[in-house]
Amino acid sequence: MKVILLEDEYLLNSNIKEFLEMKGVVVEAYTDGATLLQESTFKADIAILDIEVPGATGYEVIEWINRVNNSIPTLFMTAYTDIQSIRKAYSLGCADFLKKPFDLIELWLRVQQLVDSNNYIKVQLDDNIEFDMESEQLYSSNQIKKLTKIQRKILKSLIEQKNSIVTYEVLMSDVWDGEYVKVNTIASHIKEIRRHIPDEAIESIRAEGYRLRLK
């Protein structure tokens, strides 16, 4: 797991970083928002942001995250607990809000919950390709790839049963509500899906169906 951390209080920043590293987490830590915006690659599993920091506020950072990699869930930690601050944070897409002071164990539990939840909703198919299980949309570099509704449902079914053989019958049940569909019709949809995801990700299983190989 990798975390982007923004906290301008040096002691708290250091304590959080050390605690998370003891959990095996890679921490990209910053004490001001401007440096974060300049140096971060925004490739992480979660961002933990203070709101009032020098350079660029937590609000400005989450707005940038929304533009460059909106698959990163954001946890705000702040002493600001008035309703306006909370409303603004959630309106910008923050996933959770942690009031200071807090216990590091509570922070860790929330981080785990958000990452686990996000890993189910956003499934990574390649470095820049992911499938949103909730909206059933395929993204490449944060841009929606054009697939039909049927193709998105096929891909979702394959992801839900990743690394297992998904038979033609199962696909007919999941995608067409049990209606019989010619194997050639399914194959034509698979061919189109393959154009948008890594080569060899979908394996054809002769006379049975398909298997999506994911790590």
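Let me begin with the charged pairs: in this structure, which is a predicted model, there are 12 salt bridges. The one I would like to show you joins Lys 100 to Glu 7, with the closest N and O atoms 2.7 Å apart. Lys 100 sits in the loop between strand E5 (96-99) and H5, while Glu 7 sits in the loop between strand E1 (2-6) and helix H1 (10-22), so this pair ties together parts that are 93 residues apart in sequence.

As background, most peptide bonds are trans, and most residues other than glycine have a negative phi.

Now to the overall layout. The protein chain is divided into domain 1, covering 2-121, and domain 2, covering 127-212. Seven residues from domain 1 and seven residues from domain 2 take part in the contact. How far apart do the C-alpha centres of domain 1 and domain 2 lie? The separation of those two centres is 34 Å.

The size of an interface is often given as the accessible area lost when the parts come together. For domain 1 and domain 2 the area buried between them is about 530 Å², of which 39% is on carbon and sulfur atoms. On the side of domain 1 that touches domain 2, helix H3 (58-68) and helix H5 (104-121) each supply at least two residues, and the residues of that side divide into three nonpolar, three polar and one charged.

Strands of a sheet pair through backbone hydrogen bonds, either parallel or antiparallel. Here we have an open sheet of four strands in the order E6-E7-E8-E9, with antiparallel pairing. Its edge strands are strand E6 (122-126) and E9, each of which pairs on one side only.

Taking the pairs in turn, strand E7 (residues 129-132) runs antiparallel to strand E8 (residues 137-140), and four bridges join them. Within this pair, Phe 131 stands opposite Leu 138 in E8. The hairpin of E7 and E8 has four residues between the strands, and in that hairpin Glu 136 takes a positive phi near 60°.

On the next step along, E8 pairs with strand E9 (residues 143-144), again in the antiparallel sense, over two bridges. In this pairing Tyr 139 stands opposite Ile 144, and Ser 140 stands opposite Gln 143. Which residue takes a positive phi in the hairpin of E8 and E9? That residue is Ser 141, with a phi near 50°, in a hairpin that has two residues between the strands.

Key: Residues are numbered from 1 along each chain as its sequence is written. This is a predicted model: local features need pLDDT of at least 70, side-chain atom pairs count only at pLDDT 80 or more; totals for chains, interfaces and linings use all residues. Side-chain values use heavy atoms; hydrogens and water are left out. Domain bounds come from an automatic or database domain assignment. Contact means heavy atoms within 4.5 Å. Buried area is the accessible area (1.4 Å probe) that two parts lose on being put together, summed over both. Ala, Val, Leu, Ile, Met, Phe, Trp, Tyr, Cys and Pro count as nonpolar, Asp, Glu, Lys and Arg as charged, and the others, Gly among them, as polar. Two strands pair if DSSP finds at least two bridges between them. A salt bridge is a side-chain nitrogen of Lys or Arg within 4 Å of a carboxyl oxygen of Asp or Glu.
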